[in-house]
Amino acid sequence: MSRQVLGTYLSGPAVRDNAFDTIRLLAAASVILSHAFVLVEGRESAEPLYQLSDGQITVGRAAVAAFFVVSGLLISMSFERSKSWFKFAMNRALRLLPGLWVCILLLVFLFGPLMTTLPLAQYFGSAETIGFFGNVAFLARSHSIAGVFEGLPGGDAVNGSLWTLKYEVASYVFGALLLCTGRFKVAVVAACWMAAMIAAPFIGDPLEKGGLAYHGAWMVWLFRFYGAGMLLYVLRDHIPISREAALACLALVLLATFTPAYTEALALFGSYAIVAAAFLASDWFKKLTHRGDLSYGVYIYAFPVQQALVPLSNETAIPWLTNTLLSLPITFLLAGLSWRLVERPALALKNVFGGQKKAAPSG
């Protein structure tokens, strides 16, 4: 199957034989590594890919980009196979919300009271703590909780990773609208993706913006990757999948690391390399996650675990390495519990709401 088109891999029994769950898990673990540098030293510039790319991107942002590429492909397929907008929305909600809500409740009612320096009455009455609940609807006024992680090098955010989820949901909605344009969908998706590719360099770093400009800049930055996944999907019957092409794309991404166009190369060539790797990977790699998709749990639980370990990490010779090595097993344990006790049971409810049978990972 190494030279068949992508559409062949996305139909029939072949659709389940992929490594998307494993790729997402590696991306989530990469975020842990990236955050270890930022949280123990308090600056992005300490991160290795940030240095190599002359400040264009970090390992963490590259991992988020990989998430968005995979989502652009698989969520587009999920939307077209759904029988209605309601069922599509319900399937997305069942994948994202239960795990997120339990995580937030644990942080506010268990983790926070154990870690806060404030009296509990003041802790629960604080606008900062109350504002953290906005994360349940991706509208947090704060990523901090009163009296928790104050004075740490990387700031007092309790779960800074949650910032991407609102853009993920926005991409689901925007992408679905693009797919509703019928016979024009290929042209519309391609035009929107190209617009994002052209606009992003002119807009600049979203972190330098404020207000609506900040959110708009992030949507443009991230749609280069989500849109790339969508474009691969709508052109699936014309995209050949080969090991040689995937390796060539990977080589181009690596070479672009030292140029001003690294993020553009990552979106243009990296998206193909990720999707091709998912289907061409060895069986052992595909089976690493056959017992469950832990990537989402790893992503939403890693940040508070890492923050809690910062003081201990900074007492060691290589703080970022200590933080990474200690955080990984704890986070994987929490993610495993989240998958078995929350996420998997929630996904089983898809049949209750009449959603389509899951044909491929669509996290």
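I looked up the salt bridges and found that the structure holds 10 of them, each being a side-chain nitrogen of Lys or Arg within 4 Å of a carboxyl oxygen of Asp or Glu. This is a predicted model, in which local features need pLDDT of at least 70 and side-chain atom pairs count only at pLDDT 80 or more, while totals for chains, interfaces and linings use all residues. Residues are numbered from 1 along each chain as its sequence is written, and side-chain values use heavy atoms, with hydrogens and water left out.

I then examined D17, which forms a salt bridge with K286; their closest N and O atoms are 3.2 Å apart. The pair links distant parts of the chain, 269 residues apart: D17 is in the loop between α1 (6–9) and α2 (20–41), and K286 is in helix α13 (residues 283–286). Helices are DSSP runs of H or I with at least four residues, numbered from the N terminus.

Next I turned to helix α8 (residues 165–179) and helix α9 (residues 185–203), which pack at an angle of about 140 degrees with their axes 8 Å apart. Axes are lines fitted to C-alpha atoms over the stretch in contact, and angles run from 0 to 180 degrees between N-to-C directions. In contact (heavy atoms within 4.5 Å), F174, L178 and L179 of α8 meet K185, V188, V189 and C192 of α9.

Conventions:
Helices (H or I, at least four residues) and strands (E, at least two) are DSSP runs, numbered from the N terminus.
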